[in-house]
Amino acid sequence: MRRVLWASVIGTVVEWYDFLIYGTAAALVFNKIFFPTLDPMAGTLAAFGSYAVGFVARPLGGVIFGHFGDRIGRKAMLTLTMLIMGVGTFLIGCLPTYAEIGLWAPALLVLLRIFQGIGVGGEWGGAVLMVIEHAPEHRRGLYGSLVQVGFPAGVAASTATFLALSTLPEADFLSWGWRVPFLLSAILVGVALFIRLRLVETPAFAKVKAERTVARMPFLEVILGQPRTFLIAVGLKVSEVAWVYLLTVFSIVYATGTLGLPKRLILDAILCAAVLEFATMPFFGWLSDKVGRRPIYIFGALVSIVCALVVFRLLDTRDPLIITATIAVIMTLTHASMFGPQGAFMPELFGTRVRYSGASLGCQVAAAISGGFSPIVASSLLAWTGATWPISLFMIALALVSLVATLAATETRDLDIARQ
């Protein structure tokens, strides 16, 4: 169990680091070096557009790797997703800029972002399944949440890397400094691959394979055979995934552009929030083993509505302590509260034969709908109205969707997933 847990967590940290450094780079530098002919706001929207492409590609990764993960096994897919993500991230760090090759630069950037999206789209489902299908029955929430910690660890690693580079002169950062986080990925991927190659298949899938009940077309079984469950899975995800990218991506643009604050301040705040989630995310996972998945989700959805009403008022104070506390606390209340238990809750909704496909599709479709586009929607609403209240209404609407999905879901804490 310890080997399975470490392999899944470390691999997930690397995958999220690779995927998330793109968001920080999009907020800080990509508008200047890949979309320099546009005005600042249009360049930011274009950079966020290329960022969102990775989210649009995530359901494709969920379909591809979910299909083969449900037919061949979890272990093989985890190795492939790591390779795809690592190669795509490293090549982004090698890309020529718009000044060097013109329109080919943003075109290649988008293509490599698609590779990143496909990789992470297949990664999450395989990693959480590898753990919860090995985990003791009444500790799946805790063990699943430990895999989820890979996300804030990836946020912390990517943010810390850019923080270290923020001391560079602007010209050096724009010419070569931004490339360093992407090139470092090659080392991290090598370490994670070495660990993952030592894994064994999960008992639940081994049982399905031994009984010869492997699904022929798991994707179709999920979409056509369990449409209600699939829609519930999507609804469970849409609020927390929008919140985390609003706080870790859009907040950089809002703080440095609209509020005129130094980028180091907001990066420090995001780093503090990510570190806090190291503790709060496993706490919510553990608590879901005690009281159930649904009560924790209901709490997360309701508190997200409250946070949407106050987040910008607190950021607008421009006070460094208030901003840091706001980002850290709100990320825990809106993201960790739901993302922690999600590592167990979403896979538990589906049977073993289609669990990889069902969990991956539910997660990745929601991420494509609200995660990747939340920075674009927020930036567009701000540019259109000159105010933040429409962004708050947008976040409230997403919280209500997650609340309805939670109320429609069945409690899964006590299920024997090996018999599903």
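**Overall picture**

Tutor: Of the 420 residues in the chain, 60% are buried, where buried means under 20% relative accessible area, exposed over 50%, and partly exposed in between (1.4 Å probe, protein chains only). This is a predicted model, in which local features need pLDDT of at least 70 and side-chain atom pairs count only at pLDDT 80 or more, while totals for chains, interfaces and linings use all residues. Residues are numbered from 1 along each chain as its sequence is written, and side-chain values use heavy atoms, with hydrogens and water left out.

Student: How many helices and strands does the chain have?

Tutor: The chain has 19 helices and zero strands. Helices (H or I, at least four residues) and strands (E, at least two) are DSSP runs, numbered from the N terminus.

Student: And what's the radius of gyration?

Tutor: The radius of gyration is 20 Å, close to the 22 Å the globule rule gives for 420 residues, so the chain is as compact as a globular protein of that length. The radius is taken over C-alpha atoms, and the rule is 2.2 Å times the number of residues to the power 0.38. Along the principal axes, the C-alpha atoms fill a box of roughly 60 × 45 × 35 Å.

Student: OK, the inside. Which residues touch the most other members of the largest nonpolar core?

Tutor: That core has 127 residues, and F30, F34, W178, W243, Y245 and I327 touch the most other members. Helix α13 (residues 227-258) gives the largest share, 19 residues. A nonpolar core here is a set of buried Ala, Val, Leu, Ile, Met, Phe, Trp, Tyr and Cys residues joined through side-chain atoms within 4.5 Å.

Student: What is I327 in contact with?

Tutor: Leaving aside neighbours within four places in sequence, I327 is in contact with L247, S251, I266, A269, I270, A273 and L315. Contact means heavy atoms within 4.5 Å. Another core, of five residues, lies apart from the largest one, and V14, M82, V189 and A192 are among its members.

Student: Where does T326 lie, and what does it touch?

Tutor: T326 lies in helix α16 (residues 320-348). Its relative accessibility is 4%, so T326 counts as buried. Not counting residues up to four places away in sequence, T326 touches V311, L314, L315 and M331.

Student: Switching to G126: buried or exposed?

Tutor: G126 is buried, at 0% relative accessible area, and lies in helix α5 (residues 104-132). The C-alpha atoms of G126 and K75 are separated by 7.5 Å, though these residues are 51 apart along the chain. Beyond four places in sequence, G126 touches L78 and Y356.
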